[in-house]
Number of protein chains: 2
Amino acid sequence: MKKFVNDPENFVPDFMAGIAAANPDLLEAIPEHQLIKRRNVDASKVAIVQGSGSGHEPAHVMAVGPGMLTAACQGPVFAAPPVDACYETIKSVATDAGVLVLVNNYQGDRMAWDMATELAEAEGIKVKQFHINDDVAVQDSLYTVGRRGVAGNFFVMKACGAASENGASLDEVLAIAEKVNNNVRSMGVALTSCIPPAKGDPIFEIGDDEMEVGVGIHGEPGRERAKITSADEITKSLYEAVQTDLPFESGDRVALMINGLGGTPPAELYVIYNKAAQLAAETGLTVARNYVGEYCTSLEMAGASLTMLKLDDELEKLLAAPAETATRIF
Amino acid sequence: MKKFVNDPENFVPDFMAGIAAANPDLLEAIPEHQLIKRRNVDASKVAIVQGSGSGHEPAHVMAVGPGMLTAACQGPVFAAPPVDACYETIKSVATDAGVLVLVNNYQGDRMAWDMATELAEAEGIKVKQFHINDDVAVQDSLYTVGRRGVAGNFFVMKACGAASENGASLDEVLAIAEKVNNNVRSMGVALTSCIPPAKGDPIFEIGDDEMEVGVGIHGEPGRERAKITSADEITKSLYEAVQTDLPFESGDRVALMINGLGGTPPAELYVIYNKAAQLAAETGLTVARNYVGEYCTSLEMAGASLTMLKLDDELEKLLAAPAETATRIF
């Protein structure tokens, strides 16, 4: 297994300890509940939490900090966090203003957070839930009824985090989550599979000249298994699937994200961005903000996804607001 | 080839176009000279330039911007830029305050920049050169006489960029480069090879259970080909090689970087950081700043390097100064 791993069963605690160790002033880890939270939680502001299987870093524990999530918990690689971790995550940051739980739409995550939310409500904690489902690839999937939540999740976290910092109420932050989710669409493609450390084997098989178009972030099947084509052709298929779905139309202002799935280097992501920006211009879109990097990964999977968010003044301002998390470079 | 590539011969122009397209206010691309420069060059400040083969992104064209490089050029993947690109890079940002050329110690890069520097001097441009050689793995290597320059280069760029913004003279910025280089050490390990698009084949062969300890960023041999061990054991071997070389000693304040080589996901880099921070504490070092991410890559190579820089008040302040480049997330 070509990985930096100690005991595969401890992979998640090991990297979460590393994240906390690298950010001692910003973050606090509570290993027994598999959660990471902000050191300073402002009780007057809405807390935003999220949690899912590991292997998607920086989502979600590397997205905790001022202007983003208030806390996050993670389960084993590609498996939902246990109910008690979700419950403790809510409880650890419960504020008078309330807690918004963001959940990417997967059955396992929804079940865990539904039960955790009920437990928290029973204790008198003010809490609401929102489900993110930005992946246009397939209607239902291996682990979902309805569309999956993928990298569009970043924009929900960012906008909600900024709204909370601005003092928005729980209902107002929830409305922002809905607005982002209603206006964001994504689709991904995988060139290789990936190996969860505790499994030790690839999560799916794929030929040397094949790609999975519309892949899920746990390797779920997408729209088709196809022969690898040029970067421009692949980008065009992702762009068209995303653009026509909302649809994004001439005159729209958008945020455009090219997200790496973990094993694809920065240069290739910019090859994709270059074509995607051209296609957006041809559609008559204005790319007001762009994001090229790793936002929602699948371990070391080689691949990328394209996400577009239709902007208005409110969303653009929220995306531009400052944030500080474990994910920072320079 | 499991890559997002169009015509492999156009891989470098394609991704450089993407970087420029994603940063229209910050950066200007001059494709005919394979260079990217800051839009606003302050003639009263020292310009800092660098350039090498492509495939190491974010080094160097993604490191151009206020507080970092003033301009950078890139050759084909893993091949030095041509002399005329180097010369045009110097010329494009030549200021009254002068130009500092940073060169990672490889024969090809040194030859190109030596000739470009001579050409620039002949035109009356005030220019000095500095060679970076932080890699402790081997004394001489496939493409070097003397030690190689690797991820420690980031700290040289960052400190020099900040010093220039502060109004330091050419000699003062050069002295900062020397100070950083004298106090920074690195070593890397590769778990897999990588495939330059125009070559289409791996740059070296490596077994399923093997790693190259002390690998160069072009896949050059390091200290030994060994069986893959645990993340903690690999980290210990990198740490000890780096720590004992300077040496870093009890009471030292350091910056600690875990750099991903391109195909290793964020979670694994934090597994390495977790152990490296423990080892630093055991040595009596204080990690005043840390860096976990991709700073100097080898395309999609799975692997990582460990860099430590001994800090004093001056260097710590320069590293903490603001910078803005194409490499930013959140």
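This is a predicted model: local features need pLDDT of at least 70, side-chain atom pairs count only at pLDDT 80 or more; totals for chains, interfaces and linings use all residues.
**Entry 1: the interface**

On the chain A side, α1 (11-22), α6, α7 (266-283) and β12 (303-310) each supply at least two residues that touch chain B.

Next I checked the contacts in general. I found 57 residues of chain A in contact with 57 residues of chain B. The size of an interface is often given as the accessible area lost when the parts come together. Here the area buried between the two chains is about 5200 Å², and carbon and sulfur atoms give 66% of that area.

I also looked for salt bridges between the chains and noted a count of 2. A:Glu268 takes part in a salt bridge with B:Lys3, at 3.5 Å from N to O.

**Entry 2: how the copies are related**

I then asked what rotation superposes chain A on chain B. The rotation is 180°, with 0.0 Å of shift along its axis, and the RMSD is 0.0 Å. The two copies are thus related as by a two-fold rotation axis. In chain A, the C-alpha nearest that axis belongs to A:Gly263, at 2.1 Å. Both copies use the same surface, since 100% of the contact residues of chain A recur in chain B.

Side chains of opposite charge can pair when their charged atoms come close. Over all chains, I noted 39 salt bridges in the structure. I picked A:Asp245 to follow in detail.

A:Asp245 meets A:Arg147 in a salt bridge of 2.7 Å, N to O. This pair links distant parts of the chain, 98 residues apart: A:Asp245 is in helix α6 (residues 231-245), while A:Arg147 is in the loop between β6 (127-132) and α4 (153-165).

A:Asp245 also meets A:Arg185 in a salt bridge, here at 2.8 Å, N to O. Again distant parts of the chain are linked, as A:Arg185 is in strand β7 (residues 184-190) and lies 60 residues from A:Asp245.

A:Asp245 is partly exposed at 24%, because the cut-off for buried is under 20%.

**Entry 4**

I stayed in helix α6 for another pair. A:Lys236 forms a salt bridge with A:Glu240, with the closest N and O atoms 3.8 Å apart. These two residues are about one helical turn from each other, because they are 4 residues apart in the helix. A:Lys236 is partly exposed at 39% relative accessibility, and A:Glu240 is partly exposed at 39%.

I also wrote down a network of salt bridges that links A:Arg38, A:Asp42, A:Lys45 and A:Glu165.

My last stop was helix α8 (residues 313-320) of chain B, where B:Leu315, B:Leu318 and B:Leu319 are buried.

What do the buried residues of α8(B) pack against? Their partners in chain B are α4 (153-165), α5 (170-183), β10 (253-260), β11 (286-293) and β12 (303-310).

Finally, I checked the N-terminal end of α8(B), which B:Asp312 caps. A side-chain oxygen of B:Asp312 lies 3.2 Å from the backbone nitrogen of B:Glu314.

Technical notes: Residues are numbered from 1 along each chain as its sequence is written. Chains are lettered from A and ligands numbered from 1 in the order in which they are written. Side-chain values use heavy atoms; hydrogens and water are left out. A salt bridge is a side-chain nitrogen of Lys or Arg within 4 Å of a carboxyl oxygen of Asp or Glu. Buried means under 20% relative accessible area, exposed over 50%, partly exposed in between (1.4 Å probe, protein chains only). Copies are superposed by least squares on the C-alpha atoms of residues with pLDDT of at least 70 in both. Contact means heavy atoms within 4.5 Å. A polar contact is a pair of N or O atoms within 3.5 Å; within protein, one must be able to donate a hydrogen and the other to accept it, and residues adjacent in sequence count only if both atoms are side-chain atoms. Buried area is the accessible area (1.4 Å probe) that two parts lose on being put together, summed over both.
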